[in-house]
Amino acid sequence: MKIKLDRTRCDGFGLCAKHAPDHFPLDDWGYAVLAGGPAIAPADEAAVTRALLDCPVHAITMLPDSNWVNGEPAPDGTGAPAAHPV
Ligand code: SF4
């Protein structure tokens, strides 16, 4: 799973930091920062999903899975995007 944090929407409620503190540390003003990049390890997906669902301003969103291309699984199963048709 990959996620995105829109800091312009964050209102600093801190719920994400409560659920997944390693991924959403709060800055000095109490606003969330996305730590460790957008890719979430499978072991952390439950906590990050809880943070995503509980964010009252929907600042955390899930990005499309890189193993899918145009709504279909990548043809070689590696997650690599399909070659662009010429
Ligand atoms: S739960 Fe949402 S609003 Fe609250 S700190 Fe996290 S990203 Fe910001």
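**Exercise 1. Is arginine 7 buried, partly exposed or exposed?**

*Solution.* The class follows from the relative accessible area: buried means under 20%, exposed over 50%, and partly exposed in between, computed with a 1.4 Å probe on protein chains only. Arginine 7 has a relative accessibility of 43%, so this residue counts as partly exposed.

The model is predicted: local features need pLDDT of at least 70, side-chain atom pairs count only at pLDDT 80 or more, and totals for chains, interfaces and linings use all residues. Residues are numbered from 1 along each chain as its sequence is written, and side-chain values use heavy atoms, with hydrogens and water left out.

**Exercise 2. Describe the secondary structure and the overall burial of the protein.**

*Solution.* Step one is to list the elements, which are DSSP runs numbered from the N terminus: helices (H or I, at least four residues) and strands (E, at least two). The protein has 2 helices and 4 strands. Step two is their order, which reads β-α-α-β-β-β along the sequence. Step three is burial: of the 86 residues in the protein, 27% are buried. Step four concerns contacts, meaning heavy atoms within 4.5 Å. Among contacts between residues at least 6 apart in sequence, 58% join residues at least 24 apart.

**Exercise 3. Which residues have the most contacts inside the largest nonpolar core, and which elements give two or more residues to the core?**

*Solution.* Such a core is a set of buried Ala, Val, Leu, Ile, Met, Phe, Trp, Tyr and Cys residues joined through side-chain atoms within 4.5 Å. The largest one has 15 residues, and those with the most contacts inside it are Ile3, Cys16, Phe24, Val48 and Ile60. Strand S1 (2–5) and helix H2 (45–54) are the elements that give two or more residues. H2 gives the most, with 3 residues. Taking isoleucine 3 as the example, and leaving aside neighbours within four places in sequence, its contacts are Phe24, Leu34, Pro38, Ile40, Val48, Ile60, Thr61, Met62 and Leu63.

**Exercise 4. Characterise the largest cavity.**

*Solution.* A cavity is a set of points, on a 1 Å grid over the protein atoms alone, where a 1.4 Å probe fits but cannot get out; lining residues have an atom within 4 Å of a point. Grid points are joined across faces, edges and corners, and the volume is the space filled by probe spheres set on the points. The search of the whole structure finds 1 cavity of 30 Å³ or more. The largest cavity has a volume of about 110 Å³. Its lining comprises 16 residues, of which Cys10, Phe13, Gly14, Cys16 and Cys55 lie nearest the centre. For the composition, Ala, Val, Leu, Ile, Met, Phe, Trp, Tyr, Cys and Pro count as nonpolar, Asp, Glu, Lys and Arg as charged, and the others, Gly among them, as polar. The lining divides into 12 nonpolar, 3 polar and 1 charged.

**Exercise 5. Examine the loop residues glycine 12 and histidine 58.**

*Solution.* Glycine 12 is found in the loop between S1 and helix H1 (15–19), and is partly exposed at 30% relative accessible area. Not counting residues up to four places away in sequence, glycine 12 touches Gly30 and Tyr31. Histidine 58 lies in the loop between H2 and strand S2 (60–63). Most residues other than glycine have a negative phi. Histidine 58, although not a glycine, has a positive phi of about 55°. At 52% relative accessibility, histidine 58 counts as exposed.

Key
On a 1 Å grid over the protein atoms alone, a cavity is a set of points where a 1.4 Å probe fits but cannot get out, and a pocket is an open set with protein on both sides within 12 Å along at least five of seven lines; lining residues have an atom within 4 Å of a point.
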